[in-house]
Amino acid sequence: MSTSERMASDKDRVVIFDTTLRDGEQSPGASMTLEEKLQIAQLLDEMGVDIIEAGFPIASNGDFEAVSEIAKLVKKAVVCGLARANPADIDRAGDAIRHSERRRIHTFIGTSPLHRQFQLALDQDAVHERVVSSVTRARNFTDDVEWSPMDATRTEPDFLCRTVESAIRCGATTINIPDTVGYASPAEFEELIKMLIERVPGADDVAFSTHCHNDLGLAVANSLAGVAGGARQIECSINGLGERAGNAALEEIVMAIRTRGDHFPYYTNIDTTMLMRASKLVSAASAFPVQYNKAIVGKNAFAHESGIHQDGMLKNAETYEIMRPEDVGVKASSLVMGKHSGRHAFRDKLTDLGFNLGDNALEDAFRRFKDLADRKKHIFDEDIEALVEDEMTQAGEAIRLVALTVIAGTGGSPKAIVTLDIDGEHVTKEATGDGPVDAMFTAIRSITPHEAKLQLYQVGAVTEDSDAQAEVSVRLGQGDRIVTGRGADTDTMIASAKAYVSAVNKLVGGQAGAKPAAKLKAV
Ligand code: KIV
Ligand code: ZN
């Protein structure tokens with residue numbers, strides 16, 4: 001049985017198609033490394049996502065490799081590759097997903113008058129011909145083919161029906177209806193799906209899907225309206241990451257269905273307790289912060305500040321909470337350990353937090369924890385998470401920060417002296433700058449010459465209080481390559497230097513042992 005046949009046989013199940021790694025990664029600045037994509041794909045699979053759109057294989061060799069590696073890695077979910085309506089795209093997607101036992105090709109073409117005229121310069125018949133040839137070709141690689149009429153919500157209904165009918169006839173098993181520019185309203189979108197299911201011959205034999213963008217803030221509402229209209233697959237992404245204002249947020253869709261079963265009588269297979277972890281992972285990998293008041297996964301989503309609310313919460317949590325924080329994986333922040341905690345307790349805590357480190361990595365992390373405990377009064381779960389993630393990042397890198405001195409203040413130019421280890425050799429340079437961060441980054445640039453421009457420098461505090469660890473993201477862009485590095489430390493300058501060095505490592509493919517010095521000369 002193909003995925004869509006299984007879907008069609010279960011009328012109340014909403015299939016979750018995650019496009020964080022494709023539409024999400026397409027948002028400017030959100031590009032992720034292969035390692036990050038694999039981590040995200042693994043988590044999505046564990047979480048119960050039904051279909052993972054892993055990338056757009058023709059877009060670059062990196063995208064091809066990511067889709068191909070995800071196809072090898074993922075055990076339960078269907079792995080999907082995106083393709084435009086031409087043979088080269090489809091063949092490349094087919095090649096990228098070939099290692100997956102459950103593979104899908106998602107092919108699309110613009111159908112609206114605007115897309116036909118200005119983007120494709122094709123008339124209706126020519127677009128229709130491409131629908132037929134692309135779906136037919138995709139079926140040579142897999143019997144699980146999804147077809148999308150891009151900008152469907154601004155396409156003439158008759159032409160939309162004609163193309164959908166042909167896609168089904170040529171073997172598409174899922175018909176995805178994109179609101180590409182986030183233009184639809186919920187009532188309109190529900191009607192559109194209903195109309196297609198009623199009018200198009202063969203509609204009952206395929207699954208209908210929604211793909212709603214959030215330009216008017218209606219992506220989640222439109223997706224749920226699409227389900228009311230008969231769709232049983234929703235395309236969405238973690239944190240709503242996606243082109244422009246993003247896509248429908250997976251966590252919002254899943255929790256709306258779960259919390260309002262009276263209104264949305266469906267279910268998904270998602271383990272909701274993993275939502276928070278997924279949100280944090282995607283936010284860290286993309287360096288897109290989650291807004292504090294974001295539904296479900298925002299820092300304040302379960303915080304109660306006002307006296308009246310706090311009073312109500314103490315008497316009965318349901319007075320102001322429609323979901324339990326633990327159901328989405330929000331744990332009460334716990335004060336974990338202090339400087340007297342031993343190795344054993346530290347290892348237990350790591351296991352609790354989902355980290356499984358080898359002996360050497362554990363020893364390094366334990367040393368860092370002791371060091372942190374000397375500098376910071378209270379150590380929380382979040383501190384340990386930041387510390388271990390930072391340790392894991394630095395451990396795999398060939399260029400490493402060895403020493404840093406920053407001099408800044410009200411008199412004179414800020415100055416930084418930086419020592420890096422490159423290929424086992426220590427190199428020290430100093431520089432002045434507009435401010436301490438500028439001085440420090442200039443010094444790092446003079447040790448690791450590169451053309452990339454700083455696109456983002458972002459500092460966050462892991463916990464509260466002035467002794468909190470700083471978590472810094474640095475994004476560098478060179479041509480169409482964008483890389484993001486992260487670093488954490490109680491000293492914001494050290495965290496910043498680590499983040500910059502981590503981004504440079506990514507720029508030159510500087511995993512440990514990769515001999516980056518030669519590559520730096522070529523950058
Ligand atoms: O928004 C859109 O139309 C898309 C298609 C590729 C499905 O992302
Ligand atoms: Zn899209």
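**Close-up views of a predicted model**

**View 1. The largest nonpolar core.** In this predicted model, the largest nonpolar core comprises 87 residues, and those with the most contacts inside it are Met47, Ile175 and Leu196. Domain 1 (17-286) and domain 2 (302-332) both contribute residues, so the core lies between them. Leaving aside residues up to four places away in sequence, Met47 touches Ile238, Leu250, Asn269, Ile270, Asp271, Met274, Leu275 and Ala278.

**View 2. A separate core and Val508.** Another core, of 28 residues, lies apart from the largest one; Val437, Met440, Val504 and Val508 are among its members. Val508 sits in the loop between helix H18 (492-507) and helix H19 (516-522). Its relative accessible area is 5%, so Val508 counts as buried, the cut-off being under 20%. The C-alpha atom of Val508 is 9.8 Å from that of Ile399, although the two residues are 109 residues apart along the chain.

**View 3. Packing of helices H3 and H4.** Helix H3 (residues 34-47) packs against helix H4 (residues 61-73) at an angle of about 35 degrees, and the axes are 10 Å apart. The crossing of H3 past H4 is right-handed. H3 supplies Leu34, Lys37, Leu38, Ala41 and Gln42 to the contact, and H4 supplies Asp63, Glu65, Ala66, Glu69, Ile70 and Leu73. By class, these are six nonpolar, one polar and four charged residues.

**View 4. The enclosed helix H10.** Eight of the 10 residues of helix H10 (residues 219-228) are buried, so the helix is largely enclosed by the rest of the structure. The buried residues are Ala219, Val220, Asn222, Ser223, Leu224, Ala225, Gly226 and Val227. Just after H10, Gly230 has a positive phi of about 125 degrees.

View 5. Most residues other than glycine have a negative phi. Asn239, which is not a glycine, has a positive phi near 65 degrees. This residue is placed in the loop between E8 and H11. With a relative accessible area of 18%, Asn239 is buried. Arg244 is also not a glycine and has a positive phi, of about 50 degrees. Arg244 is found in the loop between E8 and H11, and at 45% relative accessibility this residue counts as partly exposed.

Definitions and conventions
Residues are numbered from 1 along each chain as its sequence is written. Chains are lettered from A and ligands numbered from 1 in the order in which they are written. This is a predicted model: local features need pLDDT of at least 70, side-chain atom pairs count only at pLDDT 80 or more; totals for chains, interfaces and linings use all residues. Side-chain values use heavy atoms; hydrogens and water are left out. Axes are lines fitted to C-alpha atoms, for helices over the stretch in contact, and angles run from 0 to 180 degrees between N-to-C directions. Helices (H or I, at least four residues) and strands (E, at least two) are DSSP runs, numbered from the N terminus. A crossing is left-handed if the near helix is turned anticlockwise from the far one by less than a right angle, and right-handed if clockwise. Contact means heavy atoms within 4.5 Å. Ala, Val, Leu, Ile, Met, Phe, Trp, Tyr, Cys and Pro count as nonpolar, Asp, Glu, Lys and Arg as charged, and the others, Gly among them, as polar. A nonpolar core is a set of buried Ala, Val, Leu, Ile, Met, Phe, Trp, Tyr and Cys residues joined through side-chain atoms within 4.5 Å. Buried means under 20% relative accessible area, exposed over 50%, partly exposed in between (1.4 Å probe, protein chains only). Domain bounds come from an automatic or database domain assignment.
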